[in-house]
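Please look over the sequence and the structure shown here before reading on. The notes that come after are written for someone meeting them for the first time.

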Amino acid sequence: MATSGQLTSLLSNSALARLERMRINPRKRQTNLGRGEHLARKGGTSTEFTDYRDYSAGDDVRYVDWNIFSRLNRPYLKLYRHEEEMHFVVLVDGSSSMVYGDKFLMAKRLAAAFCIVGLYGGERTSIYACHAFGRAPEFLPPMLGRPALRRALRFIENLEGGGDAMIDAAVDEVLLRHKGRGIVILLSDFLTFGDLMRPFNRLHAAGLEPHGIQILSPEELDPELSGDIRLVDSETGDALDISSANDLLALYHEHRQALEEDLATMCRQRGGRYLPVRSDETVDAVLFDRLRRQGWVR
Amino acid sequence: MNWIGVSWLSGLWLLALAAPIVIFYFLKLRRPRSEVPSLALWRQVMNDQRVNSPLQKFKRNLLLLLQLLLLLALTVAATQPFVRGDAANAAYVPVLIDHSASMAALDQPGGVSRLDEVKSEVRQLIDDLLPGQRLSIIAVGSTAKRLTDFSDNKRLLKAAVDGIEALPVESRLEDGLRVTQALARTVPVETVLLFSDGNVPPDVPFELPFQLNYRRLPAGGVNLGITALNARRAGPESWEVFARIEASQTEPAAGVSTGTLEIKLGNEVLASEHVSLAAKANERFAVRIDTDKAATVTATLRPDGFDALSSDNNASLDLPVPRPLTVYCPEDLDSYRRALESIENLVLYPVGDDSGPSEYDLVVSDRASDLDKQAPVAMYVGVVPPELQELVTVKTNLAELVDWRRSEPLLQHVQLADVQMSDEPQNAEGVRNEDYEERGYEVLAFGRSGPLLLKKSTPLRIEYDFLFHTDRSTMPYRIGFPILVSNLVQETLRGADLLEVRAGRTGVLDPISLAPNEEYAVTIPDGENVSLRSSESGQLVGVPAPAVGRYVVKRGGRTVATVGASLTSASETGLAITEKLQFKEIEVAADEDQLPSDKPLWRYFAFAGFGLLLAEWWIFQRRPRRAAA
């Protein structure tokens, strides 16, 4: 809950001020036909000039460049960029695994930051939070403009973690409800027994650039286990007996790094980006340093 | 691998327990729980691990490995492995422990005695006893005493060893070896262990039927002791008392050992002499005593510095009442009577009708009927003892002397070479000198066809037998005849303790003359009472003397005799070392190192198992680094 004089408990006011000036930087500009603030590749009626072309019969004479006509005595038509709207979807993984090590808090903070960037950038911003498998996600439908900011922040602040939702199933649930092209920010640990390729493919097919932020706790990045131990899954309650855990750590790290590389590849191949984040990092460092340096925002 | 063995090979079957341990380990392994956000990565890790190495679970399972090692250690311990020694791997091992006087010697001031060191080694031997091995503890001093039967009861054996005390007696190994030989008739004895400080007689008249391992401990330290206390008659009522002090072989730090010797008659100090002796040196002290009564002379040595052995610092000597010798000699044996009458302090019987006492000090006779007369010393001339009559016959013939034993006290300074003898003892056909020896006789003078003079010596009687009659020879007319009679009287005086007396020795007391066939109680110095019965001849024999001091003989509560016993042994005081024991056929060298014995290893494996158990417990109980969520 926000304290007096602070808009949200998730981010400081100074961070909010800096976020207001930031804009998302999509890689492929997947936009909707609706008019927006993102220039489309096709021509349009915005004020941004792009090129000339020969006049042909039937063209709107309002776009003829009369200065050129007067000098060359030939009509040329001025072409302008078309500006379209872009959907900005923030998907927060709220499963039990995210509750560990402040991962969910980090996810909520990043979600709030992206909402601010989206809303201030004029994007149609929507938020989804998935918890349990087979249960409808909590979500805020696409919003526009600053007036929706407070509602979005309240929604994010009130999110609670816990559940057995996997990120792949969560994507299916989201796509059942979302229509529109743009960017999807996936805030998850991506620790799933399912196939990660499928949700990324579906997001891509739905016109959403998948931008994955994998949030892992220090215990997951550098587990300190040794001897014979029984690991219990926090989501499913399943147990796994391992022996000489310290001897398996190298293998664990190999698999974790392979997962990161797979995620990066899947995001990159689908026009998105990938960023691994530690849950104990400061959110300012992520927002204003890493995201900016990696071109997520501008 | 001959140097190592196992006692219970069947114990290896215990290794079969490894199978249930492995099974139960994986079935019942209790693991600490640790909740993780997701098992997604761990499942991939496990799948990858199983694919890469199916046996990884076994290889990396430290607890299981420790449990299997524990089982292996316990199994090996159960088989009771041992490192073979050279000696004591036989099943039945008699252990002879010398507990003579020298074993009480200390190595240094405040040090340990030889016997204590032996006890320590034997206790170790008992601790190392293997299954199936049995020891028998035999204490050897002047006699041998078997303290235990063959037993593997360690408590019993150790109690027997602990109960051994050094006695102030000389060593005699023969008894111990004979006891062992007797044991060897009941059980197979291959090896005998002998623990001693080496202060034993080097020549052992014994044929070894088994292997003897002779463990010799280092000798004791510097010692000074009384090795002799004697008295010689110096007149009718006076004695010359001699005391000999000897030093041990160990070189004293100061070069000499010093002390004070005090000689007392009763409570009267007769002499107090300063003693200063280098190693192996000895000194003799003499003092004259005038007394007409029985008396006790005591000698006490007080060393100034460290003295390894204390039991040789006291000696006592019992001086008898001076009295004349009683001699029986028939009146018709003129030659001897005349010679005897010229000797002082001698009463000759018979005198007229007085045949004298029932027992004499000396009997000289030429009558076979006098053979049963009681006397400690007897001489018969012209009489063939009944047990020799089948061996020799005396013919009237001129006998020819071949040789005689000049070292024999009776024949000292007696020239027999030209004696003419008209009686000739002739051996029966096939009879040799050994036949006389078998009957207890020693030939002192050899004739051409048979022995001329025989000697039969028993603890209670010395008998000389001239098989020819001296009156039918030229002997009485020779200058050597009175010397012969004088030698006989000297022997009698010596036998009656009237010429020389020496301090009684520990071990077994000299025979004590008392009333015949009576029950006596002998109180030994440590207070213990021994009941003994005197013989028909009035001798109390076989009185054990295990301690230095006065032995009181009582009958019906009344003291009838007091006898002293002292160590007075030059070998024990000198702490001499015998490096090699010479037996009849072989010699046995001493081993200064601890006797090699089978070293059981089971306890090391048991300790290793215990260590593994602790390690497994610690690993099992330790908290995982990351606490369960």
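The model is a predicted one, and in chain A the pLDDT averages 83, with 90% of the residues scoring at least 70. Chain A holds 9 helices and 10 strands, while chain B holds 12 helices and 37 strands. The two chains touch, with 32 residues of chain A in contact with 28 residues of chain B.

**The chains and the confidence in chain A**

- Of the 298 residues in chain A, buried residues make up 45%, and for chain B, with 629 residues, the share that counts as buried is 38%.
- When contacts between residues at least 6 apart in sequence are taken, 77% of those in chain A join residues at least 24 apart, and the corresponding share in chain B is 70%.

**Where chain A meets chain B**

- With 32 residues of chain A in contact with 28 of chain B, the elements giving two or more residues to the chain A side are strand 8 (229-233), strand 9 (239-242) and helix 8 (245-269) of chain A.
- Helix 8 of chain A provides the largest share of that side, namely 6 residues.
- By residue type, the side of chain A that touches chain B divides into 13 nonpolar, 8 polar and 11 charged residues.

**Strand pairing within chain B**

- Strands of a sheet pair through backbone hydrogen bonds, and the pairing may be parallel or antiparallel.
- Chain B contains an open sheet of 4 strands in the order 12-11-14-15, with antiparallel pairing; its edge strands are strand 12 (268-277) and strand 15 (314-319) of chain B, each of which pairs on one side only.
- From one strand of this sheet to the next, the twist averages 15°.
- Within chain B, strand 11 (residues 257-265) and strand 12 pair in the antiparallel sense over 9 bridges, and Glu262(B) has Ser272(B) as its bridge partner in strand 12 of chain B.
- Elsewhere in chain B, strand 8 (residues 211-216) is mostly covered, with 5 of its 6 residues buried.
- Strand 8 of chain B pairs in the parallel sense with strand 7 of chain B (residues 191-196) over 6 bridges, and the bridge partner of Ser196(B) in strand 8 of chain B is Arg216(B).
- Strand 8 of chain B is also joined by 2 bridges to strand 36 of chain B (residues 587-591), and these two strands run parallel; here Tyr214(B) stands opposite Ala590(B) in strand 36 of chain B.

**Buried positions in chain A**

- Thr8(A) lies in the segment before helix 1 of chain A (13-20), and Thr8(A) counts as buried because 25 other C-beta atoms lie within 10 Å, where 20 or more are needed.
- Although Thr8(A) and Ala112(A) are 104 residues apart in sequence, their C-alpha atoms are 8.9 Å apart in space.
- In helix 5 of chain A (residues 167-177), the buried residues include Ile167(A), Ala169(A), Ala170(A), Val171(A) and Val174(A).
- The buried residues of helix 5 of chain A pack against strand 3 (87-93), strand 4 (124-130), strand 6 (182-188) and helix 6 (197-205) of chain A.

**Nonpolar cores**

- In soluble globular proteins, nonpolar side chains tend to be buried together.
- The largest nonpolar core has 81 residues, of which Val90(A), Leu91(A), Ala111(A), Cys115(A), Ile185(A) and Leu187(A) touch the most other members.
- Helix 3 of chain A (residues 103-120) gives this core its largest share, which is 12 residues.
- Apart from its neighbours within four places in sequence, Cys115(A) is in contact with Val90(A), Thr125(A), Ile127(A), Ala152(A) and Ile156(A).
- A second, separate core has 59 residues, among them Leu106(B), Ala160(B), Leu177(B) and Val548(B).

Conventions:
Residues numbered from 1 in each chain as written. Chains lettered and ligands numbered in written order. Predicted model: local features only at pLDDT ≥ 70, side-chain atom pairs only at ≥ 80, totals over all residues. pLDDT = per-residue confidence, 0-100. Contact = placed C-beta atoms within 7 Å. Nonpolar A, V, L, I, M, F, W, Y, C, P; charged D, E, K, R; others polar. Pairing = 2+ DSSP bridges. Axes fitted to C-alpha atoms, helices over the stretch in contact; angles between N-to-C directions. Buried ≥ 20, exposed ≤ 12 C-beta atoms within 10 Å, placed from the backbone. Core = buried A, V, L, I, M, F, W, Y, C linked by C-beta atoms within 7 Å.
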